[in-house]
Structures are given as C-alpha cells and as structure tokens.
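Biologist: Could you take me through this structure, starting with how its helices pack? I would then like to turn to the ligand and to some individual residues.

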Amino acid sequence: MSNSSTATTQWVGRWGFVLAATGSAVGLGNIWKFPYMTGEYGGAAFVLVYLACILAIGVPVMMAEIVFGRRGRGSPVDALKAMARESRCSPLWSLTGWMAMLCGFLILCFYVVVAGWALSYVWKSISGGLGLGNVEAYQALFGATNASPWTLGGWSTLVTLITMLIVGKGVQEGIEKNVNWMMPGLVVLLAVMIVYAFFSGGFGEGARFLFAFDPSKLTAGALLAALGHAFFTLSLASGAILTYGAYLPAHRSIASTTVLVALCDTLIALMAGLAIFPIIFANGMDPSSGPGLIFMSLPMAFDHMPFGGIIATVFFIMLSLAALTSSISMVEATIAFLERHTRYSRRALSVMVGVVLWIISMMAMLSFNAGADWTPGGKTVFDWLDYLTSRWMMPLGGLLTAIMAGYVFNRQALKDELAVSSLVWGLWQFALRYITPVGIVLIFIDALGWWAI
Ligand code: PHE
Ligand code: NA
C-alpha cells in the first residue's frame, strides 16, 4: 500500500467535521426530495416510517461509517480494507466500499441537474424572470427551463465546475474553507425563511398532511422509498460520511457528532415540509406533482407575499448552497481513493473525474428534453440513477455496513474507536445486529412482492 497525504489529512477547525458532515447531509434531499416524496406517498404515512428509519437505522449506520472512516483512515475501499485486516477477516468486505463510491458518484450525476435548477432559479429571481403570478405560468416556466439542453446543460455544467473546483483544492483549502462560510450562510437564510413562513400563516393543513398518520396509505412502495430516503438524506452508503470521518481528529466524540448531524438534517427536512405544504394547499395545487414541486409552487407563493421577490432569491440561494455542500461530499470518496492509488495530483484527478461526471450528468440532463422518450426499462436515465442508488444501492450498502459493524469486525477495535458508555455501546450493537438488518431485509422482501407468493 502506497502512503499518501489523505491518510493523515484532518479537519483544521474545531467544527470542521460537523460543518462538512452537516453540509453533506443537508441538501436537495431535505428541501426538494423530501417534500415531493412525502407528497407522492401520501403524507404522514411516509413521514412516520421515514423518521423511524432515521432513528433506528440511519443513526447507527452513520456512527458505524464514521468509526470505519476514522479507524481505517482513508477512502471507503481503503478504510474497509484496513478494518478487515485489523479484524483478520476477508478483504472482500471492502467491496462495500466500491459500491459506496460508485453510489456517491452516480447520485452526483443526477444531483447536479437538480442543483442546476436551483442555480437557474437564483438567476431568474434576480433578473426578474419570476413574478409570473399563476400556477400555469410557473409550470410553463419550469417546462421551458428543461426544454433546452443548452440551458439546462449549461446550469448543470456550472454546478459540476464549482463542485470539482472546490474538491480539487483539497480537504482543508477547498472543502473546509467553503463549508466554513456556506453553512453559516445557509443557516441565516433558512432562519429568514422560517420566520417569514411562520408569519405568512397557514401551517394547519400542511402540518396535518405531514403528521396525521393514516395506516391505509402505507404501501410497500412507501416503505422502500422511506428507507432509501433515510439513507439518502443522511448521505449514507455513498462514501461521503465515511470519507469525511477519515479526516476526523481522534479525540472527537463520534456518537454525539452523529446525533447532532442527524438532528439538524431531520429538523430541516420537516421545516421545509412545513414551509412548503401550506403553500401547496392554499393554492389548490397537487402535492403529488413530483420533482418539479418546489420549482412551481414556491415561486408562485412568493408572488403573493410581501417582499416575495427578495424571499425567492433568498430561498434559491439557500437551496444552491445546500446543494453544493452536498455535491462536494459525493465525489470526495472517489478523489481520495484515486489520490492514494495513482500518481496524479488531486487537481488533475478532479479534472479527470469531472469529465466523466460531466458526460454521465449530461445524459441525466437529457432526460428532461431530447432524451425524454428514451426510457429503457420504463425509466429515463435520470430516474434510473435516482432509483438504483436510493432504492437498492444505499439500503444494500447500509445492510452490509450494519453486518460488518455488528458481526464481522473486531469488537474491541470498534469499542476503542467509538469510546462510549456500555449502555450506548449496547444500544448501538443491538440496532446494528437486529433492527437494521431485519428492517432492511423485510422492506426489500416486501418491495419485491414476495409477500404475495
Ligand atoms: N444528503 C444529501 C441531501 O440530502 C444527499 C447526499 C447523498 C449527499 C449522498 C452525499 C451523499 O441532499
Ligand atoms: Na439530507
């Protein structure tokens, strides 16, 4: 094994890891995907399962990933190899690391398209392109944004460029320096949004939609979607958290950091829902209108509100910041891996990886225009990337992570790294050994329709 700078790189600031990991977790998943999925899967039935998955599966798996990253000190592949070596078990467990790296990269390929929407709406809100006043006009605007491969491709290319530029500068000089201002910026903008939403009223119906549980709406599809989204929203099984964990200084508490990151992520998703659904209902819109939901309903709502023009800009800048602090985390695993195993500099590697990313992301982008009719197996490229990563790769990666931390790896090594009371250790192990595997397997079986047999 060659030596490398990544093996010793660490976050500089006291809050480096927390800012970067929260930046990774809080993203389009919270503000774009969570609301539209909740809408598609009928509201509270989805939300309850989602919350259960975060608590019983997401948090323990996130702790395991940070433990692996910090103990193994490297990309998912390298860290898992090191863990396997220390535990004297098969190096094949590091295949989970390969899948995670691939998963993070594939997510990024469609994520840049959505982040491109966000950036383009910042521009529209500043240049006077919003303010259309009615739903139909916004639906048309969203359609037009997608209709031209040049426009949509241009925006997503910009996201790819910014992402690779930041990552190319390095963990400390690129990622940490940027999350240091992006995350506080995001929090300030979000606070403005929440105060604003609160005074605009109408929480009632939105809150009922999010929290009034109706078991009849619980379907196999909703279960699988909620499980997959719990992984997605916490950036799990994609190499992001594990790799950031590799840069975590030794004395930081993994358990409390994990709880903090998961809590922030959950609160922001719920607040996004509380801000969005009242608007949807107040304007008689359909909560199940899919990925375009926030790009059609929100700008229209802003039109009807005092200072709406400014708030629209605030909102879309916030969304763009959230997206960028996530997108950089999706590719860091791949860059860290290549940095250790090739002779190229980080800068050169980010150019090369950026080119591959750009090519695949353009295919995802074309799903909204020229390639919209190309639906092998019934889905566009964009939908396939989303479906394969969230519904299958992430739950599978989470399952393998739980098995490694619960059954396979050296228990003393895990215990030393986690350094928690025996109560917390016991709870963690119980969740990893029993709750996580059983939950994931049952949901898989249910989704595959084996119940019927
Ligand atoms: N957690 C991010 C979000 O909610 C998405 C993400 C997935 C980021 C995987 C990194 C890795 O938007
Ligand atoms: Na998230």
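**Helix packing, ligand shell and selected residues**

Modeller: Helix α13 crosses α14 in a right-handed sense. Please keep in mind that this is a predicted model.

Biologist: Which residues make the contact between α13 and α14?

Modeller: On the α13 side they are Leu 298, Pro 299, Phe 302 and Asp 303, and on the α14 side Gly 308, Ile 311, Ala 312 and Phe 315. By class, six residues of this contact are nonpolar, one is polar and one is charged.

Biologist: At what angle do the axes of α13 and α14 cross?

Modeller: They cross at roughly 150 degrees and come within 7 Å. An angle over 145 degrees counts as roughly antiparallel, and α13 and α14 are therefore roughly antiparallel to each other.

Biologist: And α4 with α5, how do they pack?

Modeller: Helix α4, residues 76-86, packs against α5 at an angle of about 165 degrees, and the axes are 8 Å apart. The cut-off of 145 degrees applies here too, so α4 and α5 are roughly antiparallel to each other. The crossing of α4 past α5 is right-handed.

Biologist: Which residues meet there, between α4 and α5?

Modeller: Pro 76, Val 77, Ala 79 and Leu 80 of α4 meet Thr 96, Gly 97, Trp 98, Ala 100 and Met 101 of α5. The contact of α4 with α5 comprises seven nonpolar residues, two polar ones and no charged ones.

Biologist: Let us stay with Val 77. Is Val 77 buried or exposed?

Modeller: Val 77 has 26 other C-beta atoms within 10 Å and is therefore buried, as 20 or more such atoms count as buried. Setting aside residues up to four places away in sequence, Val 77 touches Ser 94, Gly 97, Trp 98, Met 101 and Phe 337. Val 77 and Leu 95 are 18 residues apart along the chain, and their C-alpha atoms are separated by 7.0 Å.

Biologist: A new topic: how do α2 and α12 cross?

Modeller: The axes of α2 and α12, the latter spanning residues 254-282, cross at roughly 60 degrees and come within 9 Å. This crossing of α2 past α12 is right-handed.

Biologist: What is the make-up of the contact of α2 with α12 by class?

Modeller: That contact has seven nonpolar, three polar and one charged residues. From α2, Asn 30, Ile 31, Phe 34, Pro 35 and Thr 38 take part, and they meet Asp 265, Ile 268, Ala 269, Ala 272, Gly 273 and Ile 276 in α12.

Biologist: Now the ligand, please. Which residues come nearest to ligand 1?

Modeller: Of the 16 residues around ligand 1, the nearest are Gly 27, Gly 29, Ser 235, Ser 238 and Ala 240. The shell around ligand 1 contains six nonpolar residues, 10 polar residues and no charged residues.

Biologist: Which helices supply at least two residues of that shell?

Modeller: They are α1 (16-25), α2 (28-40), α5 (95-126), α10 (220-233) and α14 (308-341).

Biologist: Where does Ser 235 lie, and what is Ser 235 in contact with?

Modeller: Ser 235 lies in the loop between α10 and α11. Apart from neighbours within four places in sequence, Ser 235 is in contact with Ser 24, Ala 25, Ala 240, Ile 241 and Ser 329. Ser 235 counts as buried because it has 31 C-beta neighbours inside 10 Å.

Biologist: Last, the backbone: what is the phi of Arg 73, and of Arg 88?

Modeller: Arg 73 has a positive phi of about 45 degrees although it is not a glycine. For Arg 88, also not a glycine, phi is positive at about 55 degrees.

Conventions:
Residues are numbered from 1 along each chain as its sequence is written. Chains are lettered from A and ligands numbered from 1 in the order in which they are written. This is a predicted model: local features need pLDDT of at least 70, side-chain atom pairs count only at pLDDT 80 or more; totals for chains, interfaces and linings use all residues. A residue is near a molecule or strand if its C-beta atom, placed from the backbone, lies within 6 Å of it. Helices (H or I, at least four residues) and strands (E, at least two) are DSSP runs, numbered from the N terminus. Ala, Val, Leu, Ile, Met, Phe, Trp, Tyr, Cys and Pro count as nonpolar, Asp, Glu, Lys and Arg as charged, and the others, Gly among them, as polar. Axes are lines fitted to C-alpha atoms, for helices over the stretch in contact, and angles run from 0 to 180 degrees between N-to-C directions. Angles under 35 degrees count as roughly parallel, over 145 as roughly antiparallel, 65 to 115 as roughly perpendicular and the rest as oblique. A crossing is left-handed if the near helix is turned anticlockwise from the far one by less than a right angle, and right-handed if clockwise. Two residues are in contact if their C-beta atoms, placed from the backbone, lie within 7 Å. A residue is buried if 20 or more other C-beta atoms lie within 10 Å of its own, exposed if 12 or fewer, and partly exposed in between; C-beta atoms are placed from the backbone.
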